[in-house]
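Please find below my note on the model under review.

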Amino acid sequence: MQEINQSQVRELICINVDKVYDWIVKELTFELTPQGAVAFPTLPAGVDLTHASIQCKVVPDPTNPVVILSRENRQFTLSGRSVKLQQLTVQKNFIVTIVVKTANNMMYESESFNISRCEQITLCAPKGTDVKVTYTDLDCFVCSTGAITPEFPTGGTPTITFTNLSVTVTVCQSIQSTFPVTVEFLAEYCEPRADFPISCSPAARPQKCGNVFPSNC
């Protein structure tokens, strides 16, 4: 009697997965110009900001990173045929921090502040699907600052006023519309791999110095 290889036994399996209705990768670049004084709680009084460089940091808002504001059905003609897709208005929420680096490499961060930007996206995302936005890259840089003027109010939080602060944020995003479904398929059972054989390494010896010792006389 032939022995059955368990790794070749198949079973009809049902699993719960997310069906991807549509998927696009899109870039987004926008600028912001913070107005007025920016609070820098750790900025020491009398700090020299001559030749200081200004940088920035940006992260998604952890409490509410993406909001779908609206979802409208629209007719489009693709490859000569009419297709109904959805036009979504999406709000992205970020947290930005301004960083001052002095000439002697001391760094001071501002109080973080929230910013939001909206964009319209067209994809197959009918009512009931979930739209997920994943940032594959998120960065920012300071384009210009103008004059940098620190202020140290008595009993208050230190601030810096920039006359022409311009920050550019660049985003690479993966956007998917999904819906949970139950699917069935024939699958083979997985088998554990063999354990790697591990042996002790031989005792190590320092390398000799050639003809230095013992001498060749």
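The points below concern the basis of the model, its charged pairs and its strand pairing.

1. Basis of the model. This is a predicted model, in which local features need pLDDT of at least 70 and side-chain atom pairs count only at pLDDT 80 or more, while totals for chains, interfaces and linings use all residues. Residues are numbered from 1 along each chain as its sequence is written, and side-chain values use heavy atoms, with hydrogens and water left out.

2. Salt bridges overall. Side chains of opposite charge can pair when their charged atoms come close. The structure contains six salt bridges, a salt bridge being a side-chain nitrogen of Lys or Arg within 4 Å of a carboxyl oxygen of Asp or Glu.

3. K132 and D18. These two side chains form a salt bridge with an N to O distance of 3.2 Å. K132 belongs to strand β8 (residues 130-144) and D18 to strand β1 (residues 10-32), so the pair ties together parts that lie 114 residues apart in sequence. Strands here are DSSP runs of E with at least two residues, numbered from the N terminus. K132 is partly exposed at 35% relative accessibility, and D18 is likewise partly exposed, with a relative accessible area of 43%. On this scale, buried means under 20% relative accessible area, exposed over 50%, and partly exposed in between, using a 1.4 Å probe and protein chains only.

4. E72 and R74. A further salt bridge joins the side chains of E72 and R74 at 3.0 Å, N to O. E72 counts as partly exposed at 38% relative accessibility, and R74 counts as partly exposed at 35%.

5. E119 and K92. Is this pair buried or exposed? E119 is buried, at 9% relative accessibility, and K92 is buried too, with a relative accessible area of 0%. Their closest N and O atoms are 2.4 Å apart in a salt bridge. The pair links distant parts of the chain, with E119 in strand β7 (residues 113-123) and K92 in strand β5 (residues 81-101), 27 residues apart. Both residues also belong, together with K26, to a network of salt bridges.

6. The sheet β1-β11-β8. These three strands form an open sheet in that order, with antiparallel pairing; two strands pair if DSSP finds at least two bridges between them. β1 and β8 stand at the edges with a single partner strand each, so one side of each has no neighbour in the sheet. From one strand to the next the twist averages 15°, where axes are lines fitted to C-alpha atoms and angles run from 0 to 180 degrees between N-to-C directions. β1 and strand β11 (residues 166-188) run antiparallel and are joined by 22 bridges, and E11 stands opposite A187 in β11.

7. T168. This residue is found in strand β11 and counts as buried at 6% relative accessibility. Leaving aside neighbours within four places in sequence, T168 is in contact (heavy atoms within 4.5 Å) with T29, F30, E31, D139, C140, F141 and C143.

8. The sheet β2-β10-β9. Another open sheet of three strands has this order, with antiparallel pairing. β2 (37-39) and β9 (148-151) are at its edges, each with a single partner strand, so one side of each is left without a neighbour in the sheet. The twist here averages 30° from one strand to the next. Four bridges join β9 to strand β10 (residues 159-162), the two running antiparallel, and P150 stands opposite I160 in β10.
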